[in-house]
Amino acid sequence: MNFLMRAAFVLGGIFLGVNLINYFVLGHSGDYLPGGERMGEWKAAKIREACYPALEHLERDGQLPKLSTDKHRVDWRDLTSAKEMTAALNCYLVTHPNAVCERDNRAYIVDYIGRYFAKFDEMMNTAKRYGESEMSTVRDLWDSPRNRAINAALMQDASNGRLITADFGWTVPAPIKPMLDRYKGATDNCPRA
């Protein structure tokens, strides 16, 4: 009996370790989204390839995040991530507004929304160490025309039932939780094939 307990403990540890590595190290957070009739397989999403062109010439897009001051502590890698993530999510939600209606795309987009807001939170947590001025710089950075278009698209998708709390499971990003709660019960208005 003692052997079985140890074996179960070891197998449980291996299972937990593999999942933690998959989620936190490899970044496959989409594997942990809730399933069901609304959500497909994020790895099979076609929207990602459709939006590759949006990431090709970020420097030419004046509506992406940019720093409003030269006195900042924002790392260039974080700035690049903010631009790339904004360009991609803008393509998924604004350029292709019906992409979220396809099950596989919805799974990918929901996962990406979580990553997008996690990057903002990460940058804000870093900025907190340097005071309100740096926090204001990061907020301004994430308030570009493309970011505002994303927020408007998220509000639209929540109000018409294309995105609901259940799509995110336990990973609902704090900034969009109020809008999802506000439109709880909205009927999905995706075009039917």
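Q: Which secondary-structure elements does the protein have, and how do they run from the N terminus on?

A: In this predicted model, the protein has eight helices and zero strands, and the order of its elements from the N terminus on is therefore written α-α-α-α-α-α-α-α.

Q: How much of the protein counts as buried, and what share of the accessible surface belongs to carbon and sulfur atoms?

A: Burial is read residue by residue, with under 20% relative accessible area as the cut-off; of the 193 residues of the protein, 37% count as buried. The accessible surface comes to about 11500 Å², and 57% of that area belongs to carbon and sulfur atoms.

Q: What share of the contacts joins residues at least 24 apart in sequence?

A: When contacts are taken between residues at least 6 apart in sequence, 74% of them join residues at least 24 apart.

Q: Are α3 and α4 roughly parallel or roughly antiparallel to each other?

A: An angle over 145 degrees counts as roughly antiparallel. The axes of helix α3 (residues 76–95) and helix α4 (residues 103–128) come within 10 Å and cross at roughly 150°, and these two helices are therefore roughly antiparallel to each other. The crossing in which α3 passes α4 is left-handed. Among the residues that make the contact are M85, L89 and Y92 of α3, together with Y112, I113 and Y116 of α4. By class, the residues of this contact divide into 12 nonpolar, two polar and five charged.

Q: At what angle do α3 and helix α6 pack, and which residues make the contact?

A: Helix α6 spans residues 145–159, and α3 packs with α6 at an angle of about 35°, with their axes 9 Å apart. The crossing of α3 and α6 is left-handed. On the α3 side the contact is made by T86, L89, N90, L93 and V94, and on the α6 side by R146, N147, A149, I150, A153, L154 and D157. This contact has seven nonpolar, three polar and two charged residues.

Q: Where is K71 found, and is K71 buried or exposed?

A: A residue counts as exposed when its relative accessible area is over 50%. K71 is found in the loop between α2 (47–50) and α3, and K71 has a relative accessible area of 69%, so this residue is exposed.

Q: Which residues is K71 in contact with, leaving aside its neighbours within four places in sequence?

A: With those neighbours left aside, K71 is in contact with E134 and T137. K71 and S133 are 62 residues apart in sequence, while their C-alpha atoms are 9.4 Å apart in space.

Note on methods:
Residues are numbered from 1 along each chain as its sequence is written. This is a predicted model: local features need pLDDT of at least 70, side-chain atom pairs count only at pLDDT 80 or more; totals for chains, interfaces and linings use all residues. Side-chain values use heavy atoms; hydrogens and water are left out. Axes are lines fitted to C-alpha atoms, for helices over the stretch in contact, and angles run from 0 to 180 degrees between N-to-C directions. Helices (H or I, at least four residues) and strands (E, at least two) are DSSP runs, numbered from the N terminus. Angles under 35 degrees count as roughly parallel, over 145 as roughly antiparallel, 65 to 115 as roughly perpendicular and the rest as oblique. A crossing is left-handed if the near helix is turned anticlockwise from the far one by less than a right angle, and right-handed if clockwise. Contact means heavy atoms within 4.5 Å. Ala, Val, Leu, Ile, Met, Phe, Trp, Tyr, Cys and Pro count as nonpolar, Asp, Glu, Lys and Arg as charged, and the others, Gly among them, as polar. Buried means under 20% relative accessible area, exposed over 50%, partly exposed in between (1.4 Å probe, protein chains only). Accessible areas come from the Shrake-Rupley method with a 1.4 Å probe; for residues, only the protein chains shown count as cover.
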